[in-house]
Protein chains: 4
Amino acid sequence: MLKVGVIGCGGMGRDHIKRLTNKIQGAEVVAVSDVMEESAKEAAKICNARVYTNELELIADPEVEAVFIVSPGFAHTEPLLAAIEAGKRVFCEKPLATTAADCLKVVNAEVAAGKHLIQTGFMRRYDKGYMQVKEALDSGNYGEPLMLHCTHRNPEVGTNYNTPMAVHDTAIHEIDVLHWLVDDEYESAQVIMPRITKYSHSELNDPQIMLLRTKKGVCIDVEVFVNCKFGYDINCEVVCEDGAIKMPEPAYPYIRKDARLSTTIDTDCFVRFKDAYDVEVQDWVDKAGEEVISGPTAWDGYLAAVTADALVKAQESGKIEPIITEVEKPDFYK
Amino acid sequence: MLKVGVIGCGGMGRDHIKRLTNKIQGAEVVAVSDVMEESAKEAAKICNARVYTNELELIADPEVEAVFIVSPGFAHTEPLLAAIEAGKRVFCEKPLATTAADCLKVVNAEVAAGKHLIQTGFMRRYDKGYMQVKEALDSGNYGEPLMLHCTHRNPEVGTNYNTPMAVHDTAIHEIDVLHWLVDDEYESAQVIMPRITKYSHSELNDPQIMLLRTKKGVCIDVEVFVNCKFGYDINCEVVCEDGAIKMPEPAYPYIRKDARLSTTIDTDCFVRFKDAYDVEVQDWVDKAGEEVISGPTAWDGYLAAVTADALVKAQESGKIEPIITEVEKPDFYK
Amino acid sequence: MLKVGVIGCGGMGRDHIKRLTNKIQGAEVVAVSDVMEESAKEAAKICNARVYTNELELIADPEVEAVFIVSPGFAHTEPLLAAIEAGKRVFCEKPLATTAADCLKVVNAEVAAGKHLIQTGFMRRYDKGYMQVKEALDSGNYGEPLMLHCTHRNPEVGTNYNTPMAVHDTAIHEIDVLHWLVDDEYESAQVIMPRITKYSHSELNDPQIMLLRTKKGVCIDVEVFVNCKFGYDINCEVVCEDGAIKMPEPAYPYIRKDARLSTTIDTDCFVRFKDAYDVEVQDWVDKAGEEVISGPTAWDGYLAAVTADALVKAQESGKIEPIITEVEKPDFYK
Amino acid sequence: MLKVGVIGCGGMGRDHIKRLTNKIQGAEVVAVSDVMEESAKEAAKICNARVYTNELELIADPEVEAVFIVSPGFAHTEPLLAAIEAGKRVFCEKPLATTAADCLKVVNAEVAAGKHLIQTGFMRRYDKGYMQVKEALDSGNYGEPLMLHCTHRNPEVGTNYNTPMAVHDTAIHEIDVLHWLVDDEYESAQVIMPRITKYSHSELNDPQIMLLRTKKGVCIDVEVFVNCKFGYDINCEVVCEDGAIKMPEPAYPYIRKDARLSTTIDTDCFVRFKDAYDVEVQDWVDKAGEEVISGPTAWDGYLAAVTADALVKAQESGKIEPIITEVEKPDFYK
């Protein structure tokens with residue numbers, strides 16, 4: 001039984017506490033922390049856990065074997081470094097940190113510690129559809145991947161959602177999952193700004209088309225359309241030398257009614273990727289004994305930050321921007 | 001240029017006159033007849049044709065090389081026999097005749113004449129979907145057919161439509177096309193009466209499930225549902241020893257809107273089978289020179305009548321009723 | 001933590017032991033039994049459980065709170081009655097018992113005990129596809145169900161599989177899930193025997209079409225084809241007054257290759273319904289505290305036996321056979 | 001009966017002669033010409049036409065009412081100008097001419113003549129799928145188009161096919177049909193060169209992704225992949241403010257076999273667009289009486305040339321290249 005301390009007791013934090021308590025085998029939440037004491041206390045009721053308002057004290061709690069970070073992104077670096085120092089396994093919701101520099105600090109600390117401790121919370125790698133596509137790609141039946149055509153569509157966003165958030169909050173998931181899918185890293189980024197939908201506002205170019213090129217030359221296009229109105233619609237087609245592989249859409253009944261044959265499109269990302277969250281956290285728990293991270297690592301968190309920075313730069317410049325990591329991928333992560 | 005005389009100038013008659021005049025290559029309507037002189041005159045304007053009120057005179061017209069019968073079903077036998085006697089090619093809209101006895105008279109007359117003259121107007125054999133299924137079956141890739149699952153769904157019918165019409169007006173198309181598809185003849189019929197839809201009325205059991213067995217043992221189920229509300233929806237799946245073949249539905253765009261991914265279901269049989277009518281009539285015209293009937297023959301018209309009679313009997317008896325032709329299939333039709 | 005004793009340590013038994021041990025939240029296998037001591041010992045290693053060769057001793061074990069019966073069907077009645085007497089919750093793999101008479105004994109015992117103890121292991125009610133169809137039906141958007149078109153196709157069976165097994169081992173799943181889907185009970189059964197596939201043998205009519213009518217008049221056809229070669233292919237379409245609902249097929253990538261656009265058909269029933277087994281057992285564990293059975297009950301097990309008997313009789317008679325329970329459904333199960 | 005003279009008797013020329021002779025209503029080929037007398041004589045047999053080796057003589061032939069140009073692209077300008085001068089209706093297979101300058105000459109000549117004479121042979125506008133998408137767009141139900149995602153995939157090309165031909169011979173069809181679809185003109189072009197498939201050769205970057213922006217800001221991506229191996233696969237999705245519209249793929253039976261559910265992908269562009277060629281030519285014939293061109297005009301031919309030039313420049317520069325016509329669209333074409 002892995003004894004877990006959860007940092008961050010907002011909505012997503014409570015969801016993870018419920019997941020760890022009710023769905024996941026082999027884990028137990030023994031401590032929670034939040035800067036808002038009331039939130040922490042409320043969350044603690046779900047799992048009968050000790051309450052902290054200081055996350056460092058939670059990390060130091062000797063009963064806490066592993067740390068689950070669900071606090072706001074800007075607050076990740078300090079607990080990450082503290083957990084590494086304490087030698088405790090970490091699940092850190094995305095983003096790893098809000099700047100590439102901070103992500104690199106975490107990477108360097110983990111490498112220095114010499115122990116695989118940190119999993120970054122990009123859940124799509126655990127989605128059945130992406131896993132099926134990955135399996136097909138890895139089968140060797142389709143040759144090398146050449147192009148990926150993707151969409152990340154969302155019914156609508158609030159008025160506080162602005163142009164760079166299309167990268168940081170939305171495309172960030174494709175950034176992680178796609179390079180994993182083709183087992184490659186990114187080389188350059190470009191963003192194309194089509195005509196803006198009438199449902200957007202002055203601070204948001206919506207939709208956008210994000211173009212990524214990998215080091216092996218795979219070209220990726222991602223339509224990011226966050227006010228598409230019709231649904232939460234994630235698509236991914238991988239075109240290879242010997243065939244093309246399209247990720248299936250979630251299965252719902254086919255309905256004949258009113259001269260239409262139709263099926264449901266999800267509208268909520270938490271419904272669409274519900275199972276992926278469960279599988280992701282279960283995998284993190286299952287691999288604790290082996291001291292292995294089989295999901296996204298701190299390095300993947302750093303790569304995502306570097307790539308996101310290039311995309312935001314490309315949003316502004318309209319040009320093809322290089323994607324350059326400050327260091328080569330450490331052998332530690334290979 | 002095949003010179004055609006058209007008997008029957010109602011809606012369907014005028015449709016065929018327009019088709020022969022504007023769409024079909026190699027045919028020309030030179031005469032039309034209708035017992036209602038006004039109708040005939042109106043139709044004649046479409047094609048600049050001579051007008052008759054007596055169909056026998058039209059058949060006797062020396063310029064008329066071929067006869068197109070679109071009058072009501074009960075009035076088919078006399079002109080059919082007259083045309084055979086005159087040695088003129090005939091296209092006769094379904095049904096060939098309204099009783100099996102009359103159909104057999106026509107068959108006997110054609111056999112006696114020793115010339116392939118009569119095509120019965122079952123257009124589904126000319127539908128692209130059925131032809132594709134037929135081609136797959138005939139490829140030999142799927143082994144012998146064992147079962148057919150079919151639907152014949154219609155949005156709604158008038159209050160004059162009653163239980164036996166589900167056979168005579170609706171399933172009659174499946175009766176013809178399915179035995180052709182599997183190159184077989186029928187042996188027995190059964191009709192199952194499910195719970196009746198709230199949209200039906202006291203004279204109509206709707207839906208019905210019609211079961212047919214062929215001489216080779218192929219078992220066919222046809223859902224006939226004429227007040228299904230949602231569309232004109234024709235389906236056909238052939239399950240074989242080495243695979244199953246499903247006829248495609250007509251292709252319409254896939255629309256994402258309002259949390260649904262949907263496509264159109266036709267609602268009108270004349271839209272659904274529009275192309276089939278054109279191909280059917282063109283084929284009848286094209287084969288005139290060879291004096292060959294490659295579509296449904298008079299024998300097929302007779303088979304349809306015998307099968308329909310058994311189905312109507314089965315509607316009443318609730319039992320498995322044999323389907324027996326009075327004579328064996330003449331070599332003439334093999 | 002529900003302490004479970006498992007009776008029957010064959011392949012399926014060990015699968016359930018692994019499931020209860022590794023996947024299910026809130027349960028623990030504390031005892032196992034098998035008439036083959038070696039099997040029991042082998043299975044006990046999975047979960048560190050006590051070993052019995054006498055199932056009644058396992059049931060009597062005071063630590064055992066709930067009993068999981070996975071022994072062969074003919075051996076279910078005795079432990080079922082013993083567990084009821086002991087007041088212990090039971091999950092009994094299908095069939096409840098091999099005769100309707102034995103099933104009724106179990107029903108009577110449970111009713112007499114006055115406590116909801118027994119869940120019968122029909123897992124399809126826990127399949128996502130069937131649950132989605134059920135949800136659509138229960139939404140009221142589609143009116144009353146009128147017809148169900150179903151297939152139960154299996155790639156191939158061994159030579160020991162004979163005609164009645166098409167009911168007992170195969171259609172038995174449809175028997176349970178379909179009446180639940182439409183919230184109804186069966187009234188009569190008929191079996192149609194199409195031409196036999198070349199892949200069958202002298203003791204097996206394959207395929208078969210099984211027809212069931214419910215008390216409300218819903219007509220169901222189930223194609224049972226156990227040597228269809230191409231896959232394990234479960235389909236279910238419910239045609240209602242205001243629309244038709246088709247259960248989705250499991251989602252796999254769409255592949256473009258060699259002039260085909262294709263997706264995978266499962267070939268293994270345990271892959272197809274893998275998730276359903278997990279959800280089913282989790283639900284049985286979850287409801288232990290409330291002393292509620294929300295899955296198939298002993299009454300459902302009895303209904304399945306009565307219906308299967310009528311279908312086997314109909315296989316032989318070729319007639320429509322009534323389906324009659326010896327007693328009315330007890331209020332206890334309503 | 002429109003009396004047509006056909007210039008160019010190669011394979012495509014003979015196809016059009018057969019089409020005009022056997023399929024099209026209201027037209028008749030009365031003259032053919034080819035610089036190779038043998039070719040012209042061979043083609044003339046199809047339709048019993050007069051033979052010319054000089055196309056200008058054919059145009060001058062008083063019986064010739066309309067001219068059909070199917071000679072090689074580089075040889076189009078002279079007969080186009082001659083036909084305009086003669087006031088004769090023209091169908092000119094794509095490209096209108098091989099340089100934008102020559103296309104503009106033709107445009108200017110037609111405008112000067114003040115009569116709508118020239119239709120350019122881009123047949124996709126007559127494809128059922130594109131027409132359905134157009135109809136949906138024009139319905140107003142989906143708001144303004146924002147993005148188009150397209151593929152133009154071809155099984156394989158010969159070794160003489162080089163990088164610029166991906167524009168001139170392949171994407172040229174998208175160039176025409178897409179701006180018509182969204183009723184807009186192009187503003188800029190970019191070409192992205194992904195990793196090259198192992199099936200390509202040193203003179204050909206295959207695949208390519210072509211990006212076009214329209215004046216209203218619609219952003220289009222077209223995957224051009226001419227050695228994709230798996231089929232001739234044309235896709236087009238239009239993403240609008242209020243929904244997305246995907247063109248259907250051609251309908252073929254769904255086959256269950258060998259654990260796959262599959263349907264056919266075309267492999268031949270002439271099969272894929274067979275009907276479109278027929279509809280296109282029929283429309284050109286039908287509109288002769290009204291002296292109207294409802295298909296692509298000479299202006300569309302000019303636009304295609306200007307756009308193709310920008311794309312070829314973009315292939316070389318790797319940059320976003322402007323697409324600028326030398327003159328504004330004449331009112332004559334509005």
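Helices (H or I, at least four residues) and strands (E, at least two) are DSSP runs, numbered from the N terminus. The legends below describe a predicted model.

**Figure 1. A cis peptide bond joins D:Asp206 and D:Pro207 in chain D.** The omega angle of this bond is about 5°. D:Pro207 belongs to the loop that connects strand 8 (186-192) with strand 9 (208-214) of chain D.

**Figure 2. A cis peptide bond joins C:Lys94 and C:Pro95 in chain C.** Here omega is about 0°. The loop that holds C:Pro95 runs between strand 5 (89-93) and helix 5 (100-113) of chain C.

**Figure 3. B:Asp183, although not a glycine, adopts a positive phi.** The value of phi is about 55°. B:Asp183 is situated in the loop between helix 7 (165-181) and strand 8 (186-192) of chain B.

**Figure 4. Chain A and chain D share an interface with six salt bridges.** On the side of chain A that touches chain D, at least two residues each are supplied by strand 7 (145-153), strand 8 (186-192), strand 9 (208-214), strand 10 (219-225), strand 11 (233-240) and strand 12 (243-246) of chain A. Strand 7 of chain A provides the largest share of that side, five residues. Sorted by class, the side of chain A comprises 20 nonpolar, six polar and 12 charged residues. In total, 38 residues of chain A contact 38 residues of chain D. The two chains bury about 2800 Å² between them, with 56% of it on carbon and sulfur atoms.

**Figure 5. Chain B and chain D are superposed by a rotation of 180°.** The shift along the axis is 0.0 Å, and the RMSD is 0.0 Å. The two copies are therefore related as by a two-fold rotation axis. Both copies use the same surface, since 100% of the contact residues of chain B recur in chain D.

**Figure 6. Between chain B and chain D, 26 residues of chain B contact 26 residues of chain D.** About 2000 Å² is buried between these chains, 52% of it on carbon and sulfur atoms. Within chain B, the residues that lose the most area to chain D are B:Gln25, B:Pro253 and B:Arg256, which together account for 26% of what that side buries.

**Figure 7. Two salt bridges cross the interface of chain B and chain D.** In one of them, the side chains of B:Glu237 and D:Arg256 meet at 3.9 Å, N to O. Polar contacts between chain B and chain D amount to 14 residue pairs, both at pLDDT 80 or more. Helix 1 (11-23), helix 6 (128-138), strand 12 (243-246) and strand 13 (254-257) of chain B each contribute at least two residues to the side that touches chain D. That side of chain B contains 11 nonpolar, six polar and nine charged residues.

**Figure 8. Strand 13 of chain B pairs with strand 12 (residues 243-246) of chain D.** The pairing is antiparallel and extends over three bridges. Opposite B:Arg256 stands D:Ala244 in strand 12 of chain D.

**Figure 9. Strand 14 of chain D pairs with strand 14 of chain C and with strand 13 of chain D.** The two copies of strand 14 (residues 260-264) run antiparallel, with five bridges. Among the paired residues, C:Leu261 has D:Thr263 as its bridge partner. Strand 13 (residues 254-257) of chain D is likewise antiparallel to strand 14 of chain D, over three bridges, and D:Ile255 is partnered there by D:Ser262. Two residues separate these strands in their hairpin, where D:Asp258 takes a positive phi near 50°.

Methods
Residues are numbered from 1 along each chain as its sequence is written. Chains are lettered from A and ligands numbered from 1 in the order in which they are written. This is a predicted model: local features need pLDDT of at least 70, side-chain atom pairs count only at pLDDT 80 or more; totals for chains, interfaces and linings use all residues. Side-chain values use heavy atoms; hydrogens and water are left out. Contact means heavy atoms within 4.5 Å. Buried area is the accessible area (1.4 Å probe) that two parts lose on being put together, summed over both. A salt bridge is a side-chain nitrogen of Lys or Arg within 4 Å of a carboxyl oxygen of Asp or Glu. Ala, Val, Leu, Ile, Met, Phe, Trp, Tyr, Cys and Pro count as nonpolar, Asp, Glu, Lys and Arg as charged, and the others, Gly among them, as polar. Two strands pair if DSSP finds at least two bridges between them. Copies are superposed by least squares on the C-alpha atoms of residues with pLDDT of at least 70 in both. A polar contact is a pair of N or O atoms within 3.5 Å; within protein, one must be able to donate a hydrogen and the other to accept it, and residues adjacent in sequence count only if both atoms are side-chain atoms.
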